[in-house]
Amino acid sequence: MMTLAMATTALAGVWRTGEGTNGNRWWYDDEDGTYAVSEWRWLDGNQDGIAECYAFDSNGWMYANTTTPDGYVVNADGAWTVNGVVQTQSVNSQTQDASQNGGETQGNSRILVAYYTLPETDGTNTDAGASRVAVNGQVQGNMEYMANTIAQATGGRLFEIDTVQTYPGLHEPLVNQAARELDADYRPELSTHIDNLEDYDVIFVGYPIWWGEMPMAMYSFFDEYDLSGKTVIPFSSHGGSGFSGTISVVAGLEPGANVMRNGYTVSRGSVAGDAANLRRWVEGLNLN
Ligand SMILES: Cc1cc2nc3c(=O)[nH]c(=O)nc-3n(C[C@H](O)[C@H](O)[C@H](O)COP(=O)(O)O)c2cc1C
């Protein structure tokens, strides 16, 4: 673990220890004013091309030598282990947080996978109301997980649609804030932007259903970009509403685009187990 000290990772962050009595505890500094908190991260501390997976608590401390609250074993170095074997991932095969790179991840295609996600902080996988997927020690928002699956199936680039303002993770305040924004026809300012829209012919656009509509950040997104001449493929997750008419809304907001009317939607409690179906659907589109 000591070799991780001060080493930069592929994501340009840095491991740090606490001060005083926290001198033997580790946290991960993103060096942009944020740090890893309440999440799992694949991190390649010694830059050998192999990342290990680490969990961080709600204060940002790395879990070590314990079982994490979501039930995974981490060793004394904090690395996720299964039956004593440290789990690893090749750095090049990782899909990294799009926001770390001006919104876009590495890739090589004419396909962009844009998505908006607001993972609620209670419940994963098939839990009632689950808005997050926990797979192989990584916790992702439902739409993030679906976007990752699509990007892997297509070789497309990932783009996270994110906002300047933050949203509550708890269901009740989030639902209330979303209702207020919807009533006000509000347009949240986006913090991520596509630099090279002209490079893409096909744009997957993913969003959760909020109050039977798209989250207002999606309206900001469609206001910002003219997708004329591009194929737009909607995908979503929901708690029972299906697409709820949002594909027609997208087509109305992007009249010059070829908006695919039969996008892909899945119920939130099924997202975690649905990757194979989603992959099959994507492959059936014959985009490559
Ligand atoms: C503010 C809010 C409003 C929601 N409204 C609806 C709704 O009207 N219909 C529905 O089927 N699901 C609704 N849901 C459930 C989400 O669509 C579902 O949990 C989705 O999978 C969340 O995806 P995410 O974790 O990527 O953000 C709502 C969720 C939130 C947070």
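How many C-beta neighbours does Trp211 have inside 10 Å, and what does that make it count as?

Modeller: Trp211 counts as partly exposed because it has 15 C-beta neighbours inside 10 Å. For the cut-offs: 20 or more other C-beta atoms within 10 Å of a residue's own make it buried, 12 or fewer make it exposed, and partly exposed is in between, with C-beta atoms placed from the backbone. Trp211 sits in the loop between β14 and α3 (216–224), and its phi is near 50°, a positive value in a residue other than glycine. Helices here are DSSP runs of H or I with at least four residues, strands are runs of E with at least two, and both are numbered from the N terminus.

Before going further, remember that this is a predicted model: local features need pLDDT of at least 70, side-chain atom pairs count only at pLDDT 80 or more, and totals for chains, interfaces and linings use all residues. Residue numbers start from 1 along each chain as its sequence is written.

Asp185 isn't a glycine, yet its phi is positive, about 50°. You'll find Asp185 in the loop between α2 and β14 (202–208). Asp185 counts as exposed because it has 8 C-beta neighbours inside 10 Å.

Now the ligand. There are 22 residues around it, and the closest are Met143, Pro208, Ser237, Gly239 and Ser241; being near means that the C-beta atom, placed from the backbone, lies within 6 Å. Two or more residues of this shell come from each of α1 (142–154), α2 (171–183) and β15 (231–238). Of these, α2 gives the largest share, 3 residues. By type, the shell has 10 nonpolar, 10 polar and 2 charged residues. Here Ala, Val, Leu, Ile, Met, Phe, Trp, Tyr, Cys and Pro are nonpolar, Asp, Glu, Lys and Arg are charged, and the others, Gly among them, are polar.

Have a look at α1 while you're there. This helix has 13 residues, of which 12 are buried, including Met143, Glu144, Tyr145 and Ile150. From first C-alpha to last, α1 reaches 19 Å, close to the 18 Å expected; that expectation is 1.5 Å times one less than the number of residues.

Pairing requires at least two DSSP bridges between the strands. β7 (residues 80–82) and β8 pair in the antiparallel sense over 2 bridges, with Val82 opposite Val85 in β8.

Zooming out, the protein has 5 helices and 17 strands, and 38% of its 288 residues are buried. Two residues are in contact if their C-beta atoms, placed from the backbone, lie within 7 Å. Among contacts with a separation of 6 or more, 68% join residues 24 or more positions apart.

As for confidence, pLDDT is the predictor's confidence in each residue, from 0 to 100. The mean is 86, and 89% of the residues reach 70 or more. Over residues 1–11 the pLDDT is below 50, though this stretch has 21 contacts in the model beyond near neighbours in sequence. Residues 93–103 are also below 50, with 29 such contacts.
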